Amino acid sequence: MDDDPLYREEILDHYYGSSHRGRLDAPQLCCDMDNPLCGDKVHIEMSLADDGRVDQVRFEGSGCVISQAATSLLADRCEGATLEEVRAITPADVVKLLGVPLSPTRMKCGLLGWKAIQKAVENKG
């Protein structure tokens, strides 16, 4: 596993010790997503500050290292952003955040959190 770029140290840190794991007391935006082909699941909760920016992002989930680490990295990226900036995040941005190439199968894992975040902000403001 040490030679596999999919499991570089930063990704493992986000998988095992994300500061974004958990729930919010009063989330304003939520979404559940799963990938039935591989069993990955993610529940996203977001709160907004008075100025409309994303204040906090928390998630719970299960699944492979890539799906959970990508969700954690996205949570980092979204906190402090406007909803417009969150909506502008692309799949290519997610791959860039991960810093590793993803096969088509792994791409579905890597984009699960992105899909949940996009769905959560879809109809807000």
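Buried here means under 20% relative accessible area, exposed over 50%, and partly exposed in between (1.4 Å probe, protein chains only). The views below come from a predicted model, in which local features need pLDDT of at least 70 and side-chain atom pairs count only at pLDDT 80 or more, while totals for chains, interfaces and linings use all residues. Residues are numbered from 1 along each chain as its sequence is written, and side-chain values use heavy atoms, with hydrogens and water left out.

**View A. The two sides of helix H1.** Let us start with helix H1, residues 9–17; helices (H or I, at least four residues) and strands (E, at least two) are DSSP runs, numbered from the N terminus. Ile11, Leu12 and His14 of H1 are buried. Seen down the axis of H1, these buried residues fall within an arc of 160 degrees, so they line one face of the helix; the arc is that of the directions from the helix axis to the C-beta atoms. Turned away from that buried side are the exposed residues Glu9, Tyr16 and Gly17. The buried residues of H1 pack against H2 and helix H4 (91–98), where contact means heavy atoms within 4.5 Å.

**View B. Helix H1 meets helix H2.** The axes of H1 and H2 come within 8 Å and cross at roughly 85 degrees; axes are lines fitted to C-alpha atoms, for helices over the stretch in contact, and angles run from 0 to 180 degrees between N-to-C directions. The two helices are therefore roughly perpendicular, a term for angles of 65 to 115 degrees. H1 brings Glu10, Ile11, Leu12, His14 and Tyr15 to the contact, and H2 brings Val65, Ile66, Gln68, Ala69, Ser72, Leu73 and Asp76.

**View C. The three-stranded sheet.** Here is an open sheet of 3 strands in the order E1-E2-E3, with antiparallel pairing; two strands pair if DSSP finds at least two bridges between them. Strand E1 (29–35) and strand E3 (54–62) stand at the edges with a single partner strand each, so one side of each has no neighbour in the sheet. Neighbouring strands are turned by 15 degrees against each other on average, direction ignored.

View D. E1 and strand E2 (residues 40–48) run antiparallel and are joined by 7 bridges. Leucine 29 stands opposite methionine 46 in E2, and asparagine 35 has aspartate 40 of E2 as its bridge partner. The hairpin has 4 residues between its strands, and glycine 39 in the turn has a positive phi of about 95 degrees.

**View E. Helices across the sheet.** Helix H2 (residues 65–78) lies across E2 and E3, running at about 175 degrees to E3. Helix H6 (residues 112–121) lies across E1 and E2, running at about 145 degrees to E1.

Note on methods
Parallel < 35°, antiparallel > 145°, perpendicular 65-115°, else oblique.
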